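Here is a short briefing for a first look. Start with the sequence and the 3D view.

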Amino acid sequence: MKTLKRIIDVLNRIEEIILVVLFSAMVLIIFVQVIMRKANNSLYWSEELGKFLFVWISWLGISIAQRKGEHIKITMLTDRLPYRVAQIFNIVSDMIVIAICAVTFYYGITLVFSQWSSPYAGIKISTSWGYLAVVLGCGLMMLRCVGSIIESAARLKNGKPELEEGGMDA
């Protein structure tokens, strides 16, 4: 288990580094484009590359948001449910997300293969690279949801944790 945790920690760190690098590159490219426009020397490829990087950031970011539990949730109902029932709702909602991601993953793969010969106009790379972000994002999201289901199942099995002295309700 320690080896698996180390591998997951390394993958988490790599994922975060990639997102920071992509975001920095996107900001830099857009900044340079703004400066170049003021100098009446626009870069024809910069807007398209900025959008391309934004797509990758968005699709890879869903995995980090799932890991940190920061996706938008309507907890009005689950906050009022008994602890064990709320865990069941969490498992069901993660299973629904897995189903949605699986369908998106499947169609994303078909787009990666079908669009291989279609290049972006400005950056001259295959549009398949853009669709690959969808595939990777959904794949990572499904893995994170499986992890979330395992955690919820463990909480379901172990019951509600006791309050620590001076602590707040979990």
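Predicted model: local features only at pLDDT ≥ 70, side-chain atom pairs only at ≥ 80, totals over all residues.

Residues are numbered from 1 along each chain as its sequence is written, and side-chain values use heavy atoms, leaving out hydrogens and water.

**Surface patch**
- I7, V10, L11, I14 and I18 make a nonpolar surface patch of about 430 Å².
- I7 sits in helix α1, residues 2-38; helices are DSSP runs of H or I with at least four residues.
- I7 counts as partly exposed because its relative accessibility is 45%; buried means under 20%, exposed over 50%, and partly exposed in between, with a 1.4 Å probe and protein chains only.

**Helix α2**
- Helix α2 covers residues 46-68.
- Its 23 residues should span 33 Å at 1.5 Å a residue, and the end C-alpha atoms, 32 Å apart, agree; the expected span is 1.5 Å times one less than the number of residues.
- α2 bends by about 30 degrees at G61, the angle between axes fitted to the seven residues ending there and the seven starting there.
- Buried residues of α2 include F52, W56 and L60.
- The buried residues of α2 pack against α1, α3 (83-114) and α4 (128-158); contact means heavy atoms within 4.5 Å.
- G69 follows α2 and has a positive phi, near 65 degrees.

**I88**
- I88 lies in helix α3.
- I88 is partly exposed, at 43% relative accessible area.
- T78 and I88 are 10 residues apart in sequence and 9.7 Å apart in space, C-alpha to C-alpha.

How values were computed
Patch = residues over 30% accessible without salt bridge, like charges linked within 9 Å, V, L, I, M, F, W, Y side chains within 5 Å. Areas by Shrake-Rupley, 256 points an atom, 1.4 Å probe, with all protein chains shown as cover. Salt bridge = Lys/Arg side-chain N within 4 Å of Asp/Glu carboxyl O. Helix = DSSP H or I, 4+ residues; strand = E, 2+ residues; numbered from the N terminus.
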